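Below are some notes for a colleague who is opening this model for the first time.

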Amino acid sequence: MGPLPPRLVDRLNAQQRGVVAPVMPGVTRGALRAWAAARGWPDLPGPPPEGARGWLWCPATLTDLRALPAGHAAEALVLSPADVQFSPDDWAAALPHLPPETRSVLLGILGGWPDDLAALQASSPDPAAEPHAVLAALRHAPATRAVLAPAWPPEALEATARRLAVSPRLTPSVVSALGVDPASVQALLDGGWLLPAGLDHPGPEPVWQLPGLLRRVLNSLPDPADARAAAHALELAGHDAAALETLEAAGAWEDALRLLARTARVAQGEAALSAALQRVPPALRATPPAQYLAGLLARSARDPDGALELYNAALTGLDASPGDPLCGVVANARGVVRAMRGDAPGALADFELAAQGSSLTAGEAHHNRAQLLIQTGRHAEAEQSLRRATTVFRALGDAEREARSLGALGGLQFGRGLLREATGPYAQAAALLADRPREAALARLNLAEVHAMLGDEATAETLLGTVMDQDALDGWVRRLRALLALNAGRTEGALDLLSGLRSEDPSLLAETALLRARAHRELGNAEAAAGALAEAGSLGLRADLEAALQGAQELDGVIEAARQEEARLELATALLARGGEADLQEALTLIRAHGLRTLLHARAATALLAGTPGAPTRELFPLRVQTVGPLQVQHAGRTYGLADFPTRKSAALLLTLALAGGPQPREALAERFWPDAKNPLASLQTALYHLRALFGTPLISSERGVLTLLFPVESDLADLRDALGRQDRARLERLLHPLTAPLLVLPELPHELAEERAQVERVLHDALRSHAEAQAGADPRRRDALRLLITADPLDLDSREKLVQWHEARGELDAARQERRHLEDARRALHGG
């Protein structure tokens, strides 16, 4: 029947209405006509009439195809050129006598068109022949011209097709570079001689091609000048492989070699690089471009010494061509090898040479130079090089490489403790990677860690929420959540997050081991802390710091190493731990200058509050008060519950001042809490003394008849008020999410803090109501918020009615009836009957 792909035959046999052949001259039409004849279907000379069934139509042009009635276009099988191409399996099955490698190479060259397969079958190539030899013989075989005769362009278009056949890919830019009449090109497109190229990543221009074998027979000896013009246009459009094929086919090997040298990469692999070199004529293998390619091959084969020797030879040859852009490419590659061999000065000299100008190679050289400078501790120079790399990549429109350099810049700044500075590069990288979800998520994860270390837990949590759907990063998300828990004093919770974490990523395993070591140290589990630290040794200075904090190393050596590496976060941590007067002052300066607020949560930071600290220092140590749930006060890295306070009234006094929002009259407070005492003011003064002893620093001033908290106050009450005022639904949900029924407000001091309890309850109810109303009707979060409201106020009839409606809307009728009964009980209780 002729060369029709088996999968296409299956589709044809299943069709009942009719078949429209692709607009593509050649043997396909003969094969389709033979199939139609065997089925008894007529071969129509024009478009089928409305209502016709069982027909084949072979339109001569795309213009003719537009005459197909709409009904047939919807129900008939309208074939495109891609439908008649052979898949790799079909191609292999049709050429069983050829070796698999030969079949695969020929498919890649020819494209799987039916005419090409028919010519191969007719010529019966020698199975022992090399694929390119098979192709060369096929070009000149008499059977080839006979098979291609139906596909041959008409005489009026043959010259145009021959000129276009110089290139395997055709775009309007290539057509213009070849000086071809656009009208003739349009005629070839309309008649089906030019076909869509089917590229996976098309650019802004359309891309066409002539069928593989037809192109080679049309122009078996391409003109080198035409090839250079077409290749230049292809390279500008990003079609490097097609440009290289164009130059090679025309014998323009010097141009081909230079293009190959500019685009080849070690990552292509040993086999691909070896195949590229084998195609180079022997007479050109001693030229600088060929020597550079051989150097890439040596690197790919893990022979850095051989690569260096070849790069040296290539650069020696290029010295005779001053200003040659290939010089930068080779210098950059030699710099990489020199860096691998430990020759930092030589590598830096190469990168500086390659970084001249604004080419892609210059951007790569700036980036490589920065990586080496980081390794040698020259951080300021590294930062400058990374900024130059991002500038070059941005100018070239290379968003992926720009994001890579920005990520490296953020990592460098983060490692140096420049946390505020690191937020910019990480955020820019995430924005540039918007169409690459995993890479963008990783950039946001890095940004979240920066905010976590800045003490901005809310922003860190928001960013983490954008990473949750990335399963590959789940371990890193858990690690960061554990870090947030540790920073907030939730040490047991951090260990829960880290327990059972499994990964094949050694970096993640080391990072989580370091967090486990810290958590166990803070809990006083010395043996477990040491065991975890043994798994984190690859982390260098940070692991050494943890060892010193565990008492296994001297802090002096860690401090000196941190100074040398400009690791401000580690330096401040170690200085706090050593705790000398000068150490504390330097640590405080670092914390203020660089926003290292999480260090203030560490117990070592309490030394900064010794004596009577000044107001600027106190501003760094807010008093954190929890009003919903068990009483909890956090200050300077310590957490206090009611049992830690010397008396209930001293705790109540502190919370009253914390929630009041400003100074309070001393006598009024004394009368409120010690109404039966002989000397209420003396009792108040005793409570102030107890609070100072408990917290290790004066918390409250008593001047001019008023009591004033000396430290700023943060509280869950203030957070809820702020979120309500801003109508920040996302933040409100984060604040309410941990709450579970029953909602107890200051439950341990019900009588001492009755006014404060009422104040908190009002705000909490407003927040829950706002959150419930913000949820979609069927959202389970609406149900949960309503239940919390009802738990807090069992006589809240409005919330009970809405909960009934929620269950009814979901079709949960039994639950709705039960809630309706509870509603009626509450209504009777409210009205006294």
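1. The lining of the second largest cavity divides into six nonpolar residues, one polar and no charged, where Ala, Val, Leu, Ile, Met, Phe, Trp, Tyr, Cys and Pro count as nonpolar, Asp, Glu, Lys and Arg as charged, and the others, Gly among them, as polar. That lining is made up of Met24, Pro25, Ala151, Gly192, Trp193, Pro211 and Leu214, and the volume of this cavity is about 30 Å³.

2. The model is predicted, so local features need pLDDT of at least 70 and side-chain atom pairs count only at pLDDT 80 or more, while totals for chains, interfaces and linings use all residues. Residues are numbered from 1 along each chain as its sequence is written, and side-chain values use heavy atoms, with hydrogens and water left out.

3. A cavity here is a set of points, on a 1 Å grid over the protein atoms alone, where a 1.4 Å probe fits but cannot get out, and lining residues have an atom within 4 Å of a point. Grid points are joined across faces, edges and corners, and a volume is the space filled by probe spheres set on the points. By this rule there are two cavities of 30 Å³ or more.

4. The largest cavity, with a volume of about 40 Å³, is lined by Arg769, Ala772, Glu773, Arg782, Leu786, Leu789, Asp798, Ser799 and Lys802. The elements that each give two or more residues to this lining are α42 (754-774), α43 (780-792) and α44 (797-809), helices being DSSP runs (H or I, at least four residues) numbered from the N terminus. Its residues divide into three nonpolar, one polar and five charged.

5. Arg782 belongs to helix α43 and, leaving aside neighbours within four places in sequence, is in contact (heavy atoms within 4.5 Å) with Ala772, Glu773, Gln775, Ala776, Gly777, Lys802 and Trp806.

6. In helix α16 (residues 253-263), the buried residues are Trp253, Ala256, Leu257, Leu259, Leu260 and Ala261. The buried residues of α16 pack against α14 (224-236), α15 (240-249), α17 (270-279), α18 (288-300) and α20 (326-340).

Definitions and conventions:
1 Å grid on protein atoms, 1.4 Å probe; cavity = no way out; pocket = protein on both sides within 12 Å on 5 of 7 lines; lining within 4 Å. Buried < 20%, exposed > 50% of the residue type's maximum accessible area, 1.4 Å probe, protein only.
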